[in-house]
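Here are my notes, in numbered points, for you to read with the coordinates open.

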Amino acid sequence: MKIAVIGQSLFGQEVYCHLRKEGHDVVGVFTVPDKDGKADPLGLEAEKDGVPVFKLSRWRVKGQTLPDVVAKYQALGAELNVLPFCSQFIPMEVINAPHHGSIIYHPSLLPRHRGASAINWTLIHGDKKGGFTIFWADDGLDTGDLLLQKECEILPDDTVSTLYNRFLFPEGIKGMVQAVRLIAEGKAPRLPQPEEGATYEGIQKKETAKINWEQPAEAIHNWIRGNDKVPGAWTEACGQKLTFFNSTLNTTGLVPEGENLPIPGAHRPGIVTKAGLLLFGNDDRMLLVKNIQLEDGKMIPASHFFNRADSSALELTEEELVIAEAVRSAWKRILPNVLEVEDSTDFFKSGAASVDVVRLVEEVKELCDGLELENEDIYMATTFGDFIQLLVRKLRGDDKDNKCIIDYGSTIPINHARPNRNLTLTRKEPIGVCGIIIPWNYPLMMLSWKTAACLAAGNTVVIKPAQVTPLTALKFAELTLKAGIPKGVVNILPGSGSLIGQRLSDHPDVRKIGFTGSTEVGKHIMKSCALSNVKKVSLELGGKSPLIIFADCDLSKAVQMGMSSVFFNKGENCIAAGRLFVEDSIHDQFVRKVVEEVKKMKIGNPLDRDTNHGPQNHQAHLQKLVEYCQHGVEEGATLVCGGKQVSRPGFFFEPTVFTDVEDHMFIAKEESFGPIMIISRFADGDVDTVLSRANATEFGLASGIFTKDINKALYVSDKLEAGTVFVNTYNKTDVAAPFGGFKQSGFGKDLGEAALNEYLRVKTVTFEY
């Protein structure tokens, strides 16, 4: 189709690129004029491709369409207008001109939150569901017929930025491309918008973003996060306007102790604590604000409000001065209108936008050998002088608020009944040389999980990456030298498991093996560790993780997370849900919805943003999946969809769904390690029987439950024999939470404080005095 793209920003750029990849002919791009000497990303991308670009400041004057603008548009002969992120009012002569009309993206579930600032109002109103709409443009304000909608859950601490980056941006791009595909196929619906439930609020501006303190804490939190980063929710206190950012209702464990901050109109004074600024609603509940912007534009941690003058300026070394000048040059490149970058130059007052924040972060990482810098750091130090001070403190590792507390041991009271007094203490010591053997499905993540704890405990490490994925491990070793880790601390030995892995297990100088892989190989490693020198060993092995879906669940979420539990990473996931138990009364509905979603999955290049399902890791694994499905069919399970290789180059396997799976079947007991969903029924209300079936396996790596009944969730999580239990979610691991299996899924833990103990030995020292 011949398409005219009318819009702006990175979102518009991505939609434009994907439409061209789909084979559409983009005949012209209409975007906004250059700002502060910088072109919009959409226009830049189109110019590279030789597509005509029109940078229009306006389409009409005093309500009258500009004839020359319409003439430029009409000359293109577009069959469809696509408005991916359009901030301008486009005349109806243009909207209605193409054969297929015009479609436009809107970041809310219309008819709710029509108009501007839709994402803000989604959060301000405390909506539990958000999403986007693609609709047929009309002469109203977001009132046209609906074409496509996608929704997501609003998390308690979502902000405009997190919601946009997590869902509205990536899924919105896919949605725009899907909408155009439907139009091209003649399948695009036109559903009139209902007026019931329609809302419209005006654009959020700084003058209207003042906080109303006569409301509950949750409403205040919603107001602050709904105005985070722009325009910023503010109040008057200490003789100036204070703008609050990064609000949370998660105040568990926080004690309201600190210095009071009187706020006119507030139910109670705020309290500046080490964690941030505690605020109170008129219901006496607390919320926590982590950042405050002062009236002069400077952003500070809320915990520093009363001691911000205490930090004296650092004196830079010669090497740090060189870095400062390199960073100054980066600022000049990003801020072309600034003739000279002084210490007082303010990044944002000089014309920088959010896209420039990302660019500065990346440039500083390159200049400072990968220094970890967050977007938030730039908002906290907006002037060049403050930014350099912040940067140097990070380079020196001077972070007063993040002291690392290490438990090196403890004293133990022992029996003094003997005729002497005693002092007994323990010491935690590194083990020595550790061997780490990692699989091919998450080559860098598995390396990081184990190596971080190993090195933090003071050991040296020999890493054996999977034979088919050695490159990330080799790159990691190269980066450790750049980071200053001494040579010989991190060692990489690529090669086959039967040779390199076996030698590590047998070597008398290796004192610990950490292994992730199959149960069969894990047993062999454990035997070798015992026979060689009784090595310490931790094993994360195979899984057949049960996922129990009760009829009282949120069905939409259960379908979404059930799909993710099986198909994430093409099923090459150790904690993938190996078998789903679905309560009888919702079984058919659940299967129907899953199959509908499977049919929407796009199989293709995993580097494309709109791809849902990439290739399997290697040919032997692909063949194993084909045989696995054949086995299931032969035993009498119902193959609902999939089950074979995709007819295209590469190791692509269709997302597969089996139903009517009985407990004795091969596919009910054995792990596929691929995108194969195994579904079994269980009788309504029969909790104990389904628990018994879920536990009837020698694996115990992970498990899951979907229910709205907290009593049932707690009961079932207590009874499930697995190292991890997910409730109303799945695949949600975190570096702070221990991870490891029960039974033949192994023993020992990765992640969390527990992981350190896997790489330490405890020595007891007793004195007599």
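**Notes on the model**

1. Let's start at a helix end: Ser9 caps the N-terminal end of helix 1, with a side-chain oxygen 3.2 Å from the backbone nitrogen of Phe11. That is a polar contact (a pair of N or O atoms within 3.5 Å; within protein, one must be able to donate a hydrogen and the other to accept it, and residues adjacent in sequence count only if both atoms are side-chain atoms). Helices (H or I, at least four residues) and strands (E, at least two) are DSSP runs, numbered from the N terminus.

2. Before going on, the ground rules: this is a predicted model, where local features need pLDDT of at least 70 and side-chain atom pairs count only at pLDDT 80 or more, while totals for chains, interfaces and linings use all residues. Residues are numbered from 1 along each chain as its sequence is written, and side-chain values use heavy atoms, with hydrogens and water left out.

3. Does the length of helix 1 agree or disagree with what you'd expect? It agrees: at 1.5 Å a residue, the 13 residues (9-21) should span 18 Å, and the end C-alpha atoms are 19 Å apart. The expected span is 1.5 Å times one less than the number of residues. After the helix comes Gly23, with a positive phi near 95°.

4. The buried residues of helix 1 include Phe11, Val15, Tyr16 and Leu19, but also Glu14 and His18. Buried means under 20% relative accessible area, exposed over 50%, partly exposed in between (1.4 Å probe, protein chains only). They pack against several elements, among them strand 1 (2-6), strand 7 (102-106) and helix 6 (160-184); a contact here means heavy atoms within 4.5 Å.

5. On to the rings: a search of the whole structure turns up 20 aromatic pairs. Rings of Phe, Tyr and Trp (its six-membered ring) pair if their centres lie within 6.5 Å; planes under 30 degrees apart count as stacked, over 60 as edge-to-face and the rest as tilted. Phe30 and Phe54 are stacked, at 4.7 Å centre to centre and 15° between the planes. Phe30 sits in strand 2 and Phe54 in strand 3 (residues 53-55), so the pair ties together parts 24 residues apart in sequence. Both Phe30 and Phe54 are buried.

6. Tyr164 and Phe169 make an edge-to-face pair, 5.5 Å centre to centre with 65° between the planes. Both are buried. They also belong to one aromatic cluster, along with Phe11, Phe85, Tyr105, Phe132 and Phe167.

7. Two charges sit over rings (NZ of Lys or CZ of Arg within 6 Å of the ring centre and within 35 degrees of the ring normal). Arg190 has its charged end over Trp136, 3.7 Å from the ring centre. Lys512 lies over the face of Tyr759, at 3.9 Å from the ring centre.

8. Ile334 is in helix 8 (residues 318-334) and is buried, with a relative accessible area of 0%. Leaving out residues up to four places away in sequence, Ile334 touches Lys38, Phe347, Asp356, Arg359 and Leu360.

9. Finally, the whole chain: 22 helices and 34 strands. Its radius of gyration is 30 Å, close to the 27 Å that the globule rule gives for 769 residues, so it is as compact as a globular protein of that length. The radius is taken over C-alpha atoms, and the rule is 2.2 Å times the number of residues to the power 0.38. Buried residues make up 50% of the 769.
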